[in-house]
Amino acid sequence: MSKKQKKMLKRILISSALMIVLGFLPLEGILKFALYMVPYYIIGHDILRKAFLGVKNKQMFDESFLMAVATVGAIILGEYTEGVAVMLFFQIGEWFQSYAVGKSRRNISQLMDIRPDYANIEDESGNLEQVDPDEVAIGTVIVVQPGEKVPIDGVVTEGTSTLNTSALTGESLPRDVEEGDEIISGCINMTGLLRIRTTKEFGESTVSKILDMVENASSRKSRSENFISKFAHYYTPIVCYSALALAFIPPVVLMVLGRPAMWGTWIYRALTFLVISCPCALVISIPLSFFAGIGGASNAGVLVKGSNYLEALAYTKYVVFDKTGTMTQGVFEVAGIHHRQMEEEKLLEYAAHAESYSSHPISKSIQKAYGALVDMNRVSDVQEIGGHGIVAKVDGMEVLAGNGKLMDKYGIEYIPCEEAGTVVHIAVGGKFAGHILISDLIKPTAKQAISDLKKIGIKKTVMLTGDARTVAENVARELNIDRVHSELLPGDKVDKVEELLSAKGEKENLVFVGDGINDAPVLSRADIGIAMGAMGSDAAIEAADVVLMDDDPMKIAKAIKIAKKCVGIVYQNIYFAIGVKVLCLILGAVGIANMWLAIFSDVGVMVIAVLNAIRALNVKNL
Amino acid sequence: MKKVYKIDVDCANCARKMEIAANETEGVKKAVVNFMTLKMEVEFEEGVDPKAVMPVVLENCKKVEDECEIFF
């Protein structure tokens with residue numbers, strides 16, 4: 001509890017106690033008024049002051065003003081108990097709201113407690129010095145002791161250890177690292193001392209980016225939040241004028257008709273109206289739901305960049321995937337070399353050299369199979385043709401390494417491969433030399449991920465890939481994906497997504513999930529782009545609206561479920577709060593609802609809406 | 001130019017009012033108040049000095065919600 005909250009709690013308790021005592025005393029006349037003014041002043045002096053300041057600053061229609069008018073009105077009518085009680089309950093409601101918001105604020109920031117405070121740098125004599133991670137230059141060697149957070153992204157230069165990545169990925173399984181491994185900031189080093197050469201500045205490191213993303217997330221407001229802002233803008237003045245009309249028109253009409261005017265009754269009803277009118281329940285609970293939803297999601301390893309994206313995610317009907325790195329592990333291995341016209345080693349040597357400038361996983365797997373070191377001096381005139389392959393000169397000979405399209409382009413006859421996998425055809429000196437079959441493993445959770453998506457009502461799953469048809473269809477069949485488009489150039493992916501976008505209905509959103517640099521345009525074109533974080537390229541993460549920290553495709557369904565729960569809660573609150581208020585307004589106007597019901601419809605509804613909103617934080621069992 | 005300031009305000013509706021007040025301040029291109037993280041992101045007009053604008057923003061916010069605070 002903050003200082004303010006403690007002070008307020010004291011005021012609430014003292015005035016409640018006074019009210020109970022006063023309730024038992026047989027008081028009359030001016031003495032009763034004077035005594036009731038004591039708790040009224042204790043509980044309401046700040047509201048009265050705010051209301052006065054509001055009028056002075058021409059900010060009439062706020063809740064302080066409403067409460068001041070309603071309670072002063074009730075007291076003038078002689079309803080002392082009700083006047084004070086309204087103020088008391090209003091303050092209890094405010095106190096509860098501030099307590100609940102503070103608590104969820106702390107909960108969520110605890111979840112996101114991954115900000116490292118310092119980095120250790122070793123000086124010549126071997127002593128560790130703690131410095132601000134912001135001041136560490138790229139390439140500096142930092143030391144991370146067991147129990148400490150990795151402050152900056154880098155590469156392990158010395159030591160082995162186990163990392164706890166749960167704060168980043170929501171994954172409880174620890175990860176082993178050794179010399180040469182890349183390491184991302186925000187993990188906790190559990191067992192051994194590590195020396196890390198930093199590869200990024202602190203501001204560019206994973207941990208800063210994540211914090212930045214989550215902290216700015218709720219600044220991007222959802223449609224529901226904008227709706228409530230607009231709603232409050234019109235609603236409060238309308239209710240105030242209605243209250244005014246209710247106070248004056250019926251009595252005047254009654255007078256004209258020659259009947260008793262009953263000013264007291266109608267003014268009392270108008271005051272009830274004012275108490276009901278406060279839009280707090282809506283104004284607080286909707287952003288709180290989204291905040292809690294985003295917090296819960298980040299705890300599960302799903303980073304959502306804005307409330308608007310979380311909302312949009314709930315209406316997902318189509319999910320489109322990239323294949324490599326999304327549904328498959330993106331770890332390739334050479335599975336075989338077929339139809340070779342030369343020594344296997346020789347073929348691999350040419351392939352490895354031609355591909356030596358590429359960082360594509362396929363070329364890495366060829367390098368790995370080759371085993372020996374590549375001599376870059378033997379390679380020249382390297383040309384990468386997107387969606388085709390590579391043309392390079394190795395020892396002065398032209399070497400082509402790529403798919404069938406590349407061979408066609410250069411007019412080389414080749415033997416197609418019957419087996420599923422990525423095929424790299426090699427041609428040396430204008431002649432087909434054989435092909436290398438590379439296969440990629442499907443992620444173990446991929447199948448479950450697709451069936452989860454089907455279960456939550458996704459209409460269609462589509463896979464887009466630049467890979468050969470046989471591979472793509474094999475993967476699609478195994479995973480039960482509805483449609484597959486293969487052999488696509490990077491630009492084709494955008495076209496395919498455009499096609500799907502134009503075919504879908506208005507309230508149906510399309511999600512694209514990908515990880516590569518090539519995916520960035522598609523990620524931004526889709527209604528919602530989801531990037532695979534741990535393996536994904538920076539460009540993909542930048543372009544995406546949602547980032548999955550641990551590359552697990554099952555998190556796609558989880559993210560959608562979190563979004564659905566959150567948006568469900570938002571709608572429950574909107575309908576519940578507006579429903580109860582409208583009902584109470586009607587009952588109040590015809591005189592059935594009294595001030596007590598009015599207090600419930602204001603404070604009670606707010607408390608229930610806030611409690612409901614906090615449910616969005618719990619995403620464990622989704 | 002964009003800057004983020006820490007703020008202190010009690011209720012969501014008050015935060016909403018602060019946002020409106022900040023947006024109506026001269027020199028502010030766009031202001032977004034995030035009640036949950038208690039932060040205000042202000043995008044300033046070209047060539048204005050945030051140090052000159054922020055006191056006015058605070059003053060305008062105080063008019064609509066006198067118990068608010070902006071730390072700049």
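Reply: Here is a short tour of strand β3 in chain A, with a look at its partner strands and then at the contact between the chains.

This is a predicted model, where local features need pLDDT of at least 70, side-chain atom pairs count only at pLDDT 80 or more, and totals for chains, interfaces and linings use all residues. Residues are numbered from 1 along each chain as its sequence is written, while chains are lettered from A and ligands numbered from 1 in the order in which they are written.

Strand β3(A) covers residues 141-144. Strands (E, at least two residues) and helices (H or I, at least four) are DSSP runs, numbered from the N terminus. The side chains of β3(A) alternate. A:I142 and A:V144 point to one face and are buried. Buried means that 20 or more other C-beta atoms, placed from the backbone, lie within 10 Å of the residue's own.

Now the partners. Two strands pair if DSSP finds at least two bridges between them. β3(A) pairs with β1(A), residues 119-122, in the antiparallel sense over two bridges. There, A:N120 stands opposite A:V143. β3(A) also runs antiparallel to β9(A), residues 194-198, and four bridges join them. A:V144 has A:L194 of β9(A) as its bridge partner.

Last, the contact between the chains. It takes 19 residues from chain A and 14 residues from chain B. Residues are in contact if their C-beta atoms, placed from the backbone, lie within 7 Å.

Conventions: Buried ≥ 20, exposed ≤ 12 C-beta atoms within 10 Å, placed from the backbone. Contact = placed C-beta atoms within 7 Å.
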